[in-house]
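Dear colleague,

Please look through it before reading the notes below.

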Amino acid sequence: PSYADNPFPSLRFRGLYNPFATLERVSIQGGSADEHFEFVNWLSAAPRPLSLFDFRITSRHGKLGNIHIQALLQALTTAPLRSLVLCGVQQINPQLFREIATALPSLETLTTQYYPGSGLLYRAWPFSILDYAAELGRFRALKHFYWNLHPTVSNIRSLEGKPPLPKELDK
């Protein structure tokens, strides 16, 4: 279900009930940027330690900004999280993977979907594959990694040790 079908719980409801201390799996779909912050605040207010081992958040149209992800990672640090899915990431850079690896050292499965706003499912990511690979090496337990990267000619050339092409030729 999405927030459009099921509105985000009211502040009164969230003040009376916080399920996150006992939940093991959570999947959040849709929502506005403000609702993402409200959700993180609700999650952060849960008694510690958390029991979550599987967490998924899907934000349509690239509404999942770095500030949302950083707040979410802070809220999840006490969880024994093994699987994290971030769909609809607005800005994706190598630093994001460093932050995830630091906050969630036991992570075994990571899915990231870059979505800066256009309708393409697979897209060229803004940095070189090698830049992302260096940060992905920080994960100690990662077994599965999924992403919607569409390799550009420059990314393929960088893996071959060749210089990148000018942007107008890199398609």
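The following paragraphs set out what was found.

Please bear in mind that this is a predicted model.

The structure holds three salt bridges. In one of them, arginine 14 pairs with glutamate 38, and their closest N and O atoms are 2.9 Å apart. This pair links distant parts of the chain, since arginine 14 belongs to helix 1 (residues 11-16) and glutamate 38 to helix 2 (residues 33-44), 24 residues apart. Arginine 14 is buried, with a relative accessible area of 13%, whereas glutamate 38 is partly exposed at 30%.

Glutamate 135 takes part in a salt bridge with arginine 98 (2.6 Å, N to O). Because glutamate 135 lies in helix 5 and arginine 98 in helix 4, the pair ties together parts that are 37 residues apart in sequence. Glutamate 135 also meets arginine 138 in a salt bridge (2.5 Å, N to O). Through shared partners, Arg98, Glu135 and Arg138 are joined into one network. Glutamate 135 is buried, with a relative accessible area of 9%, while arginine 98 is partly exposed at 28% and arginine 138 is partly exposed at 44%.

Helix 4 (residues 94-103) and helix 5 (residues 129-136) pack at an angle of about 10°, with their axes 8 Å apart. Helix 4 is therefore roughly parallel to helix 5. In this contact, Pro94, Phe97 and Arg98 of helix 4 meet Asp131, Tyr132, Glu135 and Leu136 of helix 5. These residues comprise four nonpolar, no polar and three charged.

Finally, asparagine 148 is found in the loop between strand 5 (144-147) and helix 6 (153-159). Asparagine 148 is buried, with a relative accessible area of 4%, and its side chain reaches the backbone oxygen of tyrosine 114 at 2.9 Å.

Yours sincerely

Technical notes:
Residues are numbered from 1 along each chain as its sequence is written. This is a predicted model: local features need pLDDT of at least 70, side-chain atom pairs count only at pLDDT 80 or more; totals for chains, interfaces and linings use all residues. Side-chain values use heavy atoms; hydrogens and water are left out. Helices (H or I, at least four residues) and strands (E, at least two) are DSSP runs, numbered from the N terminus. Buried means under 20% relative accessible area, exposed over 50%, partly exposed in between (1.4 Å probe, protein chains only). A polar contact is a pair of N or O atoms within 3.5 Å; within protein, one must be able to donate a hydrogen and the other to accept it, and residues adjacent in sequence count only if both atoms are side-chain atoms. Axes are lines fitted to C-alpha atoms, for helices over the stretch in contact, and angles run from 0 to 180 degrees between N-to-C directions. Angles under 35 degrees count as roughly parallel, over 145 as roughly antiparallel, 65 to 115 as roughly perpendicular and the rest as oblique. Contact means heavy atoms within 4.5 Å. Ala, Val, Leu, Ile, Met, Phe, Trp, Tyr, Cys and Pro count as nonpolar, Asp, Glu, Lys and Arg as charged, and the others, Gly among them, as polar. A salt bridge is a side-chain nitrogen of Lys or Arg within 4 Å of a carboxyl oxygen of Asp or Glu.
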